Amino acid sequence: MDTYASFDELHRTVRADTYALGGVIVTPERVLAQGAVIIQEGKVLAVTGDLSEAKKDAGGLLMLPYIIAPGFVDIHIHGGFGVDVYDSLTTPRSLEKLRVELAARGTTSFFLTLYTADSSKMVATAKSIANHAKTSSRGSRIIGVHYEGPFINKSRAGAQDRRFIVEPKPDIADSLVEAVLGEGKSGVLGCVFTMAPEVEGGLDLAKSLSERGVIVSAGHTDADYDQATLGFRSGFTHVTHLYNAMRPFGHRDPGVVGAALDSPDVSVDIIVDSHHVDPRVVKSTVKIKGYQRTAIISDALFPAGLRGAKSVGGLHLEGVWPSSPTAQSLEPLHFKKVNS
């Protein structure tokens, strides 16, 4: 079969349900400098490093000057492109805008993440998100709701609003879970809670949530190694933005970082923007945890993808906000505080 110059030429000439896209191919195991992805009826059929094989098996081959990689799944994102997660309460269509913008930049699915706010506002927003996810199919797919709070440690609040941080309360947790999953154990969407295991009542709540199918993650925590390890035995299975907003790793006080690296069944996520965590530390973490247990997150806020002055968490900032899927971070690439 021939090699074609564009999608239009490929489809016009071949008129086949099966075709191949060639370029630099990223797979979980390796990077193919010259390979092809064979597509059949809109789904990936095979990946190969043999272009001749791709031409033979497919109706046509389109070579692209791009990197072809699996779609980015962002399990921690608060918004972007001028859209904030809580906008869904007043402007439901704002979520569609966010989804379209994310899809255009390679993010194919995501957990929309609620930063700490009044619990009734969090519940109402989660219900709005769940309804939108069920009724709209445009753009990147919402696959879950992630609650970053309110059951976190005030001493490691970071950008979270301390006024709304509360001790773990089963009634509040029940309302938050039911907003996403309904009254049963499962639903269309997934549900994640970021909590601090050392906070009183945290372990009991984590065990209860995990039994309901909720993913419980340690984050915004001042837990030491022993407290974190106990958490991993009590329902915590993940760690939110490892290294950030938690007790720092020390050779005499390894903290939650050391416990996470020492627990093979615990997964972690990292903000990979060369600002929150040094790239060399990221590489070392992946070597220890393996790529199967290490996720990349954006932790993006609504200004991500925009330029100029923005207001975030009561601060007025000026900066250049990155727009690539793996660089939409909690903070811009460069910023200065104008006022507070």
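Me: Before I look at details, what is the mean pLDDT of the protein?

Reply: pLDDT is the predictor's confidence in each residue, from 0 to 100. Here the mean is 87, and 84% of the residues reach 70 or more. Where pLDDT is low, the predicted coordinates should not be read in detail. Residues 323-340 have a pLDDT below 50, and beyond near neighbours in sequence this stretch has 62 contacts in the model; contact means heavy atoms within 4.5 Å. This is a predicted model, where local features need pLDDT of at least 70 and side-chain atom pairs count only at pLDDT 80 or more, while totals for chains, interfaces and linings use all residues. Residues are numbered from 1 along each chain as its sequence is written, and side-chain values use heavy atoms, with hydrogens and water left out.

Me: Now the sheet: what is the order of its eight strands?

Reply: Strands of a sheet pair through backbone hydrogen bonds, either parallel or antiparallel. Strands (E, at least two residues) and helices (H or I, at least four) are DSSP runs, numbered from the N terminus, and two strands pair if DSSP finds at least two bridges between them. In this structure, the open sheet runs β6-β9-β10-β11-β12-β13-β14-β15 with parallel pairing. β6 (72-77) and β15 (294-297) stand at the edges with a single partner strand each, so one side of each has no neighbour in the sheet. From one strand to the next, the twist averages 25 degrees.

Me: How many bridges join β6 to β9?

Reply: Four bridges join β6 to β9 (residues 107-115), and the two run parallel. In β9, serine 109 is the bridge partner of valine 73.

Me: Which strands does α3 lie across?

Reply: α3 lies across β6, β9 and β10 (141-148), at about 135 degrees to β9. Axes are lines fitted to C-alpha atoms, for helices over the stretch in contact, and angles run from 0 to 180 degrees between N-to-C directions. α4 also packs on the sheet, touching β9 and β10, and its direction makes about 170 degrees with that of β10.

Me: How should I read α4 against α5?

Reply: Two packed helices are described by the angle between their axes and the distance between the axes. The axes of α4 (residues 119-135) and α5 (residues 170-181) come within 8 Å and cross at roughly 15 degrees. They are therefore roughly parallel; angles under 35 degrees count as roughly parallel, over 145 as roughly antiparallel, 65 to 115 as roughly perpendicular and the rest as oblique. The contact includes Met122 and Val123 of α4 and Ile172 and Leu176 of α5.

Me: And α3 against α4?

Reply: The axes of α3 (residues 94-104) and α4 come within 11 Å and cross at roughly 60 degrees, so the two helices are oblique to each other. Leu95, Glu96 and Arg99 of α3 meet Ile129, His132 and Ala133 of α4.

Me: Which residues does the cis peptide bond join?

Reply: Most residues other than glycine have a negative phi, and most peptide bonds are trans. Here a cis bond joins glycine 149 and proline 150, with omega about 10 degrees. Proline 150 lies in the loop between β10 and α5. Histidine 241, although not a glycine, has a positive phi of about 25 degrees; histidine 241 sits in the loop between β13 (236-239) and α8 (255-261).
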